[in-house]
Amino acid sequence: KAPAFEQRYIRAAYRQAVRQSFATCWHRSSGEPSDYVWEEFGANHDGIAIRTSPQRMAKALRPIAALGAAHLGVIRYIDHARDLIGSQNILQSQFVIRSEYQREEEARLLLHTYGPFGSKLVRLTGPKGFLVRIRKTKTIPQRHEFVGGYGRGTAIVLAIEPKEFIEEIVLGC
């Protein structure tokens with residue numbers, strides 16, 4: 001719905017946000033996972049579900065949360081052809097998904113290196129080494145990107161205390 005010149009800017013901003021963000025999604029329910037969740041994400045009842053809470057996540061991730069680089073929020077499901085995400089804050093786009101996925105009832109933990117947060121994260125390490133690197137090229141300004149995991153851009157491995165993070169492990173059928 002934005003003018004063409006804004007659309008180009010928005011698309012470029014979203015592409016950069018992808019390189020500077022990692023997200024982990026969690027089903028948010030107070031009861032047992034539904035059959036739908038077990039089928040889609042739990043190996044058809046042959047997996048496990050880790051139950052945690054926003055408070056436990058914040059406590060386990062306090063080294064990153066204290067730096068302002070972690071955000072926890074509920075996913076908003078929209079029809080992208082009809083509904084607006086909002087342009088006040090680029091982080092809003094990271095918590096919006098197509099309405100066809102609303103049965104997933106997700107909450108998302110977003111880690112990002114936007115603005116001053118990247119330089120605060122550069123020296124932070126996890127079990128697989130440094131979490132963030134500084135990327136410089138001739139065509140883009142310096143930016144910080146996540147790298148601390150299994151191959152560039154595939155996973156971020158954080159050092160967390162399981163007893164702080166896990167409330168319960170639920171076994172499938």
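**Loop, sheet and patch**

I looked up Ala 81 and found its place in the loop between strand S4 (76-78) and strand S5 (96-98), strands being DSSP runs (E, at least two residues) numbered from the N terminus. The model is predicted, so local features need pLDDT of at least 70 and side-chain atom pairs count only at pLDDT 80 or more, while totals for chains, interfaces and linings use all residues. Residues are numbered from 1 along each chain as its sequence is written, and side-chain values use heavy atoms, with hydrogens and water left out.

I noted that Ala 81 has a relative accessible area of 66%, which means it is exposed (over 50%, with a 1.4 Å probe and protein chains only). From C-alpha to C-alpha, Ala 81 lies 9.8 Å from Arg 98, although 17 residues separate them in sequence.

I then traced an open sheet of three strands, ordered S1-S6-S3 with antiparallel pairing, where two strands pair if DSSP finds at least two bridges between them. Its edge strands, each pairing on one side only, are S1 (21-27) and S3 (70-74). Seven bridges join S1 to S6 (residues 106-112) in the antiparallel sense, and His 27 has Glu 106 in S6 as its bridge partner.

Last, I checked Ile 48, whose place is in strand S2. Which strands each supply at least two residues of the nonpolar patch? I found that these are S2 (48-51) and S11 (168-171).

Key
Helices (H or I, at least four residues) and strands (E, at least two) are DSSP runs, numbered from the N terminus. Buried means under 20% relative accessible area, exposed over 50%, partly exposed in between (1.4 Å probe, protein chains only).
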